[in-house]
Amino acid sequence: MQHSQSLVGVVIPSYLEGENIQTLIRQISEQLPEKCRIVVVDDSPTDQTVKLVKQMQLPHVDLVHRSGKGGRGSAVLEGMAHLLKAGCETIVEMDADLSHPPAQIPSLIALLNSRQSDMLIASRYLPSSEIRNWPLTRRIFSKCSNLLAKAVLRVPISDYTNGYRVYSRAGAQTAVGTCGQLGKGFIALSEILVNLYFRNYKVSETPTVFVNRVRGESSVTYKEVLGALVGLYRIFWLKRELSKPCHIGKLSFEKNGNAVP
Ligand SMILES: Nc1nc2c(ncn2[C@@H]2O[C@H](COP(=O)(O)OP(=O)(O)OP(=O)(O)O)[C@@H](O)[C@H]2O)c(=O)[nH]1
Ligand SMILES: [Mg+2]
């Protein structure tokens with residue numbers, strides 16, 4: 001049960017986001033002034049982002065600097081594990097490029113709790129959602145990826161690929177304990193969704209405004225796009241396994257991520 005003093009964690013995967021990271025941390029901290037822990041999981045080849053975060057000298061902000069582009073999904077799962085160890089009851093996942101408005105964090109958390117959900121997705125594809133400044137090609141690609149994922153995985157959610165989400169502690173524990181097996185990149189978003197939904201966790205969504213990045217370069221490679229397609233095929237088999245009547249259902253996890261019978 002969420003209470004006003006419980007710790008909220010925010011995980012930010014970042015790759016060359018020096019132009020955005022300080023603004024984002026400031027905006028999140030304004031939204032969650034009481035009790036929050038932020039972890040930036042940075043895979044940049046330079047230490048610019050790390051230096052900028054350290055420069056802020058904020059005791060509630062942690063840094064994990066990894067070597068090599070380990071993928072968005074793996075960064076988020078590592079950050080979530082860190083926040084669970086720190087005792088967070090609610091975990092927010094969001095991009096570093098200011099596409100996900102921090103002003104929505106408090107209402108996302110309130111909605112997660114009032115609906116008693118384990119994962120709440122901020123969706124770009126509900127009737128009152130908005131996508132600002134995306135070129136047409138990008139809109140088409142994203143829409144088609146989502147339609148394909150929905151046709152294959154059949155979870156009744158409109159946005160499988162937006163990385164703006166809020167998790168209950170149980171939802172985050174299950175994501176950390178079961179996901180990251182099928183690919184290191186963006187595919188983890190669908191892997192987490194399928195694992196939670198077919199293990200009978202409550203998953204829901206609400207409209208959001210998505211704003212195309214203004215600063216910094218896209219780091220998404222063709223290899224990662226291809227990896228997501230292969231990953232979708234793998235998740236299809238995971239979904240089939242989890243949909244069987246005898247599947248294991250909800251799991252509990254200890255702090256170290258081990259499943260408890
Ligand atoms: N730690 C880590 N973060 C990553 C990696 N790849 C992407 N990210 C971060 O994940 C988030 C989403 O990546 P984006 O590059 O914004 O992907 P996108 O939103 O599909 O594309 P653009 O906004 O057009 O660049 C951003 O915060 C990135 O910095 C990675 O390999 N490791
Ligand atoms: Mg982006």
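## Ground rules

Residues are counted from 1 along each chain as its sequence is written, chains get letters from A and ligands numbers from 1 in the order written. Because the model is predicted, local features need pLDDT of at least 70 and side-chain atom pairs pLDDT 80 or more, while totals for chains, interfaces and linings use all residues; side-chain values use heavy atoms, leaving out hydrogens and water.

## The largest pocket

(A pocket is an open set of points on a 1 Å grid over the protein atoms alone where a 1.4 Å probe fits, with protein on both sides within 12 Å along at least five of seven lines; lining residues have an atom within 4 Å of a point.) It is lined by 44 residues, and Arg138, Phe141, Thr161, Phe186 and Val220 sit closest to its centre.

Which helix gives the largest share of the lining? That's helix 5, with 7 residues. (Helices are DSSP runs of H or I, at least four residues; strands are runs of E, at least two.) Strand 1 (8–14) and helix 8 (222–243) are among the elements that supply at least two residues each.

## Two loop residues

Gln57 isn't a glycine, yet its phi is positive, about 50 degrees. It lies in the loop between helix 2 and strand 3, and counts as exposed at 69% relative accessibility (exposed means over 50%, with a 1.4 Å probe and protein chains only).

Gln116 also has a positive phi, near 50 degrees. You'll find Gln116 in the loop between helix 4 and strand 5, exposed at 59%.

Notes. Buried < 20%, exposed > 50% of the residue type's maximum accessible area, 1.4 Å probe, protein only.
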